[in-house]
Amino acid sequence: MIPGRARHALLWAHRWLGLIGGIVVVLIGLTGSFIVFYREIDVALNPALYTPAGPEQKVALSKVMRAAAAADPAPIAAILAPDRTWPVWIVIHTHETAPGRYPSRWTTMVDPSNGTVLGRRDYVNAFALKIYRLHYTLLLYEWWGKELVGVAGFVLLGLAISGLVLWWPRPGLFWRSVSVRKNVSLLRLVLDVHGATGIWALFVLLGISITGVGLVFPDLVRPIVSVLSQPTPDPSRGVEMPPPAGTPLLSADAIAQIAQAAKPGLAIAMFNPPTATRNVWRVQFRPDGADPAVRARGAIWLDPWSGAVVHDGTPGATSMGDRYLAEQLWLHNGATLGLAGRLLVFAAGFAPLALFVSGLIMWLKRRPR
């Protein structure tokens with residue numbers, strides 16, 4: 001038990017932090033529940049884009065890139081390999097936008113069985129992806145929306161820790177403090193709901209808030225992680241290989257074959273072709289047969305002329321710190337634990353709403369008239 005004056009101060013801070021930041025936390029929680037299954041929802045809303053003519057995977061990467069380039073000549077930023085949820089090739093093109101604006105992305109869906117283009121669309125403004133942006137930036141990308149979401153992660157973390165301290169029951173009253181009693185007053189019922197919801201969702205909300213902060217503020221989390229396990233520098237920016245004179249570039253198909261041969265126990269999840277600031281191929285992998293919600297778990301960077309591995313960022317070649325930093329997104333949406341983890345995070349996304357409404361009722365009932 002904490003002293004009465006300290007408890008009163010903590011209760012005051014918990015209450016006002018919840019009242020001021022609660023709406024944003026609720027919005028982020030509800031949209032977070034949605035995007036746990038946003039890929040499945042996107043397929044349900046757009047079946048024509050995700051229905052190949054047959055189950056065969058016969059089309060090579062180079063043909064996919066040619067078909068996408070014919071449909072959209074804009075530079076290709078990424079090529080997503082087919083999986084159980086999105087069973088088609090998805091080519092993401094970058095279009096020019098004004099500085100400071102959210103990057104413009106269009107996608108071209110290519111049938112893996114015959115190489116035909118199934119359709120194109122504005123990736124950023126598709127419904128499911130717009131909800132994703134709402135969760136990640138509050139649709140305020142140009143006005144520090146991403147950073148505001150990170151601050152909301154700190155608010156959720158503070159509410160969870162202060163709520164735990166305020167909830168801590170006296171000896172012998174644990175089960176009563178985590179249950180909702182019947183035949184009690186409205187205020188008592190609301191108080192029970194608030195406490196039970198908070199404690200049952202506590203560890204999931206703590207995990208969501210910590211990983212969410214890490215995703216928004218990686219430079220803040222990296223030094224903390226390095227205390228326990230030193231992560232290696234991120235090679236994804238500015239990797240350059242000196243071009244050898246007279247040596248032609250390898251084809252996309254050759255790159256795909258070399259990448260798969262380098263990591264035979266993993267499935268290729270995504271290709272990132274060379275860009276103006278990174279003239280090497282980046283190939284991302286996921287465990288073969290894993291839940292497709294784990295979109296990628298590690299990558300290798302390949303010399304576009306020789307196919308040599310420039311950097312190996314797959315789990316077997318990296319430190320524990322690297323693996324944690326790479327796993328944050330899948331911890332955040334529950335995919336690390338498969339479908340059960342995603343369902344847990346989906347349910348926890350509704351907890352801020354229950355906590356905010358019950359907290360607001362308690363505040364309105366108890367404040368002086």
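This is a tour of one predicted protein model, stop by stop.

**Before you start**

The model is predicted, so local features need pLDDT of at least 70 and side-chain atom pairs count only at pLDDT 80 or more, while totals for chains, interfaces and linings use all residues. Residues are numbered from 1 along each chain as its sequence is written, and side-chain values use heavy atoms, with hydrogens and water left out.

**Stop 1: the whole chain**

Show the protein chain as a cartoon. It has 13 helices and eight strands. Both are DSSP runs numbered from the N terminus: helices are H or I with at least four residues, strands are E with at least two. Along the principal axes, the C-alpha atoms fill a box of roughly 80 × 45 × 40 Å.

Of the 369 residues, 45% are buried. Buried means under 20% relative accessible area, exposed means over 50%, and partly exposed lies in between (1.4 Å probe, protein chains only).

Contacts come next; the term means heavy atoms within 4.5 Å. Take the contacts between residues at least 6 apart in sequence: 60% of them join residues at least 24 apart.

Colour by charge. There are 34 positive and 21 negative side chains, and the centres of the two sets lie 16 Å apart. Lys and Arg count as positive, Asp and Glu as negative; His and the chain ends are not counted. Each charge is placed at NZ of Lys, CZ of Arg, CG of Asp or CD of Glu.

**Stop 2: α2 against α4**

Select helix α2, residues 38-45, and helix α4, residues 127-137. Their axes come within 8 Å and cross at roughly 150 degrees. That makes α2 roughly antiparallel to α4. Axes are lines fitted to C-alpha atoms, for helices over the stretch in contact, and angles run from 0 to 180 degrees between N-to-C directions. Angles under 35 degrees count as roughly parallel, over 145 as roughly antiparallel, 65 to 115 as roughly perpendicular and the rest as oblique.

Show side chains at the interface. α2 brings Tyr-38, Asp-42 and Leu-45, and α4 brings Phe-127, Ala-128, Leu-129 and Tyr-132.

Centre on Asp-42. This α2 residue is buried, at 1% relative accessible area. Setting aside residues up to four places away in sequence, Asp-42 touches Tyr-50, Trp-86, Arg-121, Ala-128 and Leu-129.

**Stop 3: around α4 and past its end**

Stay on α4 and pick its buried residues: Ala-128, Leu-129, Ile-131, Arg-133, Leu-134, His-135 and Thr-137. Their cover includes α1 (4-36), α2, β4 (117-122), α5 and α11 (320-332).

Step off the helix. Just after α4, Leu-138 takes a positive phi of about 60 degrees. Leu-138 sits in the loop between α4 and α5 (145-167). Leu-138 is buried, with a relative accessible area of 12%.

Go on to Trp-144, in the loop between α4 and α5. Trp-144 has a positive phi of about 60 degrees, although it is not a glycine. Trp-144 counts as exposed, at 64% relative accessibility.

**Stop 4: Val-64**

Select Val-64 in helix α3, residues 61-71. Val-64 is buried, with a relative accessible area of 0%. Apart from neighbours within four places in sequence, Val-64 is in contact with Val-59, Ile-79, Trp-89, Val-91 and Val-110.

**Stop 5: α8 across α12**

Select helix α8 (residues 202-216) and helix α12 (residues 338-348). They pack at about 95 degrees, with their axes 10 Å apart. The pair is therefore roughly perpendicular. Val-204, Leu-205 and Ile-208 of α8 meet Leu-344, Val-345 and Ala-348 of α12.

**Stop 6: two long distances**

Find Arg-188 in helix α7, residues 186-200. Arg-188 is partly exposed, at 32% relative accessible area.

Finish at Asn-279, in the loop between β5 (266-272) and β6 (281-287). Asn-279 counts as buried, at 14% relative accessibility. Asn-279 and Leu-118 are 161 residues apart in sequence and 30 Å apart, C-alpha to C-alpha.
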